[in-house]
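Visitor: Hi, could you walk me through this one? I'd like to chat about surface and core.
Guide: Happy to, let's have a look.

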Amino acid sequence: MNNELGLLHVWAQGDWVTRSVFAALLLMSLASWIVILMKALGVVQAKRQAARVEGFWHSADMAEGLAKLGDDDANPFRQLAVEGREAAAHHRATRAQLHDSLDASDWISRALRNSIDSTTGKLQAGLAILASVGSTAPFVGLFGTVWGIYHALMKIGAAGQASIDQVAGPIGEALIMTALGLAVAIPAVLGYNALVRGNKHILAKLGRFAHDLHAYHVTGARVTAASGDGNVVALKRS
């Protein structure tokens, strides 16, 4: 695109409304790309952490299993294992008190569910920005186009010249705002959909891990569904 129809020319020739729309779209694009990159890195890291779960169950005891999950306190799988361990220990230590009325299975289930809910909130943080940008950016760009066309026609009418040369330039500059709005919205929508799929994958892994942890703390062993014969994988309590 030449200089007469370039973005810099639109900025130079536009009024405060056009410049405000341009700046808003630029900020929306910047915010959406920051969210996409940061959340994508988080999804990739969580998938790597999920790959360590099987090694956790091949450990001699809980301490060794936690070591295999890594020492990152932000690891949702490590957090889940720690919450389950602490809930089981807390219930055993308070049997002689009011916790007699609460079953160990329910107590551990609540602790594991709270941990998953906390992780879900962290995974979904920032996705509202992408949804907002994807749904509003085209209309923001369209508003800029309508405003630009209106002022272009007003200038042409005031000048008394309506040739194609006089119309094409200002109208083309105004249409750039619509294209810019779509350029901002499309990556936000695609990034949102990709991150939602990635989060569902991680939450499914967390759900299966929580099920195994619950079985371990209640029955003393993890039930393996792969064999289908009710075999268990032993893991000593720490």
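Visitor: Is L27 buried or exposed?
Guide: L27 is exposed, at 57% relative accessibility. Buried means under 20% relative accessible area, exposed over 50%, and partly exposed in between, using a 1.4 Å probe and protein chains only. Keep in mind that this is a predicted model, where local features need pLDDT of at least 70, side-chain atom pairs count only at pLDDT 80 or more, and totals for chains, interfaces and linings use all residues. Residues are numbered from 1 along each chain as its sequence is written, and side-chain values use heavy atoms, with hydrogens and water left out.

Visitor: Where does L27 lie?
Guide: In helix 2, residues 16-50. Helices are DSSP runs of H or I with at least four residues, numbered from the N terminus.

Visitor: Which residues form a nonpolar patch on the surface?
Guide: L27, L30, I34 and M38 do, and together they have about 420 Å² of accessible area. Patch members have over 30% relative accessible area and no salt bridge, and nonpolar side chains (Val, Leu, Ile, Met, Phe, Trp, Tyr) are joined within 5 Å, while like charges are joined within 9 Å. The areas come from the Shrake-Rupley method with a 1.4 Å probe, and for residues only the protein chains shown count as cover.

Visitor: Switching to charges, how many salt bridges does the structure hold?
Guide: Two. The term means a side-chain nitrogen of Lys or Arg within 4 Å of a carboxyl oxygen of Asp or Glu. One joins K68 and E64, at 3.6 Å from N to O. Both residues lie in helix 4 (residues 62-69), four residues apart, which is about one turn of the helix.

Visitor: And what does R113 form a salt bridge with?
Guide: With D117, where the closest N and O atoms are 3.7 Å apart.

Visitor: What is A111 in contact with, leaving aside its neighbours within four places in sequence?
Guide: E83 and A87, with contact meaning heavy atoms within 4.5 Å. A111 and E83 are 28 residues apart in sequence, and their C-alpha atoms are 6.2 Å apart in space.

Visitor: Now rings: how many aromatic pairs does a search of the whole structure find?
Guide: Six. Rings of Phe, Tyr and Trp (its six-membered ring) pair if their centres lie within 6.5 Å; planes under 30 degrees apart count as stacked, over 60 as edge-to-face and the rest as tilted. One of the pairs is W57 with F209, edge-to-face, 6.0 Å centre to centre and 75° between the planes. That pair links distant parts of the chain, with W57 in helix 3 (residues 53-57) and F209 in helix 8 (residues 164-219), 152 residues apart.

Visitor: Why is the pair of F77 and F209 tilted?
Guide: Because their planes are at 50°, with the ring centres 6.1 Å apart. F77 lies in helix 5 (residues 76-93) and F209 in helix 8, so this pair ties together parts that are 132 residues apart in sequence. F77 is buried at 0% relative accessible area, and F209 is buried at 1%.

Visitor: Which residues form one aromatic cluster?
Guide: F56, W57, F77, F209 and Y216.

Terms used: Helix = DSSP H or I, 4+ residues; strand = E, 2+ residues; numbered from the N terminus.
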